[in-house]
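Morning, everyone. I have one chain to walk through today. Please look at the sequence and the model first.

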Amino acid sequence: MRNRTFNFGPNPPQGPPQQRADFEELEAVELYCPECGQAMPVRKFLLLILPEGDKYEYRCQQCGAKVGDKTDRSGQFYSTLRG
Ligand SMILES: [Zn+2]
């Protein structure tokens, strides 16, 4: 009788890949611009600071047309409000 431990090679490191939580607000976003007729790089403008979040508007870098908007919910605002 023989006791053998079979080793099929080193185990690959387990676990999820590290996610970058510290990415900056600099977004290289491309959105479809109806004026230019294609996806264009856009600029993000802060429009309003609302209780539910900061409202941003995306404008085409080429022609300046509004191509989208979004509301960023920071969450910080709520916690400070609630005290
Ligand atoms: Zn455009």
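Now the ground rules. This is a predicted model: local features need pLDDT of at least 70, side-chain atom pairs count only at pLDDT 80 or more, and totals for chains, interfaces and linings use all residues. Residues are numbered from 1 along each chain as its sequence is written.

Let me start with the layout. The protein chain has 1 helix and 4 strands. Helices here are DSSP runs of H or I with at least four residues, strands are runs of E with at least two, and numbering starts at the N terminus. Along the sequence the pattern reads β-β-β-β-α.

Next, the sheet. Two strands pair if DSSP finds at least two bridges between them. The 4 strands form an open sheet, ordered β1-β2-β3-β4, with antiparallel pairing. β1 (30-33) and β4 (66-72) stand at the edges with a single partner strand each, so one side of each has no neighbour in the sheet. Neighbouring strands are turned by 40° against each other on average, direction ignored. Those axes are lines fitted to C-alpha atoms, for helices over the stretch in contact, with angles running from 0 to 180 degrees between N-to-C directions.

Look at the middle pair. β2 (residues 38-50) and β3 (residues 53-60) pair in the antiparallel sense over 8 bridges. Leu 48 has its bridge partner in β3, and that is Lys 55.

What about burial? A residue is buried with 20 or more other C-beta atoms within 10 Å of its own, exposed with 12 or fewer, and partly exposed in between. Buried residues make up 7% of the 83 residues in the protein chain.

On to the core. A nonpolar core is a set of buried Ala, Val, Leu, Ile, Met, Phe, Trp, Tyr and Cys residues joined through C-beta atoms within 7 Å. The largest one has 6 residues: Cys 33, Met 40, Val 42, Tyr 58, Cys 60 and Val 67. β2 and β3 each supply at least two residues of this core. Beyond four places in sequence, Cys 60 touches residues including Cys 33, Glu 35, Cys 36 and Ala 65.

Last stop: where is Gln 61? Gln 61 sits in the loop between β3 and β4. It is partly exposed because 14 other C-beta atoms lie within 10 Å. Leaving aside neighbours within four places in sequence, Gln 61 contacts Met 40, Pro 41, Val 42 and Arg 43. Gln 61 and Cys 33 are 28 residues apart in sequence and 9.7 Å apart in space, C-alpha to C-alpha.

Technical notes
Contact = placed C-beta atoms within 7 Å.
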